[in-house]
Amino acid sequence: MHHLNALHQVSLSLDHLTIAGFSISGLATYIQVPELDVCFDLGECPLSSLSINHVFLTHAHGDHARCLPRHWQLRRMVGNERPAAYFLPEVIRTGCAGWIRAEAAFEGVPEEGVETPAFHGLAGDASLVALPYRKDLRVRAFPVHHSVPSLGYTILAHKKKLKPEYRELPGAEIARLRKSGTEVQVDVDDPLLTFIGDCTGATLLEQDHIWASPIVILEATFLDETEQALAVAKAHTHVLEIAAALDALGDRVACRHIVLKHFSMKYTREQVFELVARHIPERWRERVKVFL
Ligand SMILES: [Zn+2]
Ligand SMILES: [Zn+2]
């Protein structure tokens, strides 16, 4: 039952990024990407997450959110005075702050002594938002369908590039244009990674921009072919819906890695690998990684 221990981290090395953490439905989900200084969800708070400066909460369910206050408190306890940036759906921002205050009151902290983090509430309107501690990165939040309000997140590399019409010009000419006040550069944001916490299978086609990210991290709570109606009823994804989405999109799937996580705890480790291999068509199998 080693795979059900939320503090036993799984780690995948995908291209130049490390995907490290844990994700089992109902128990806990937290996924850290140290190279990008980001952590998605905090269903558990291992010490390794404390040095991460950007936290993205997908939704309020306990297995994804439970340890957000712990991250905030432990960071200060270990002497990291710099507050982490906590991003979350705007609709749960006030509730989250109230939850932290209630917890402090429960612990006997007088009301005037309670601090809460400066939350970044996101509307999920797909606008690009800067990361406070990483000038080279942006985040784009988008809505996903689940039983409660939930956001998916794409992290993008932010660069400035020469406008196409100036790319062939010699350096001296570009310098002259710049001096004269001409804007020779344009902002470019390239997707690096997309993370979705919990969502229905329908989301995978509705938000089809996710497939442009080199790495896509998805939930696949249900794996057994008899559980497709159950997946819909619980607002979770069935692996057969992922297979169907991939086949429907075909060549539009540009990602190199599709990481599956958040499996139901009823499956053994062996069953997860066996059922994923059985249900993902051969064309896609090499790209699909099991996070377990
Ligand atoms: Zn969950
Ligand atoms: Zn959930």
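Analyst: The discussion below concerns the zinc site. This is a predicted model, in which local features need pLDDT of at least 70 and side-chain atom pairs count only at pLDDT 80 or more, while totals for chains, interfaces and linings use all residues. Residues are numbered from 1 along each chain as its sequence is written, chains are lettered from A and ligands numbered from 1 in the order in which they are written, and side-chain values use heavy atoms, leaving out hydrogens and water.

User: Which protein donors hold the zinc ion (ligand 1)?

Analyst: Donors are N, O and S atoms within 2.8 Å of the metal (3.2 Å for Na, K and Ca); water is not among the atoms, so sites may look incomplete. Here, Asp 63 (OD), His 64 (NE2), Asp 198 (OD) and His 262 (NE2) lie 2.1 to 2.5 Å from the zinc ion (ligand 1). Along the chain, their spacing reads D-H-x133-D-x63-H.

User: Why is the arrangement around the zinc ion (ligand 1) irregular?

Analyst: Ideal angles at a metal are 109.5 degrees for four tetrahedral donors. Four donors count as tetrahedral if all angles lie between 85 and 135 degrees; four count as square planar and six as octahedral if opposite donors are over 155 degrees apart and all others between 65 and 115; anything else is irregular. The arrangement here is irregular because the 4 donor atoms subtend angles of 87 to 157°.

User: Which residue coordinates both the zinc ion (ligand 1) and the zinc ion (ligand 2)?

Analyst: Asp 198 does, and the two ions are 3.6 Å apart.

User: Are Asp 63 and His 262 buried or exposed?

Analyst: Both Asp 63 and His 262 are buried (under 20% relative accessible area, with exposed over 50% and partly exposed in between; 1.4 Å probe, protein chains only).
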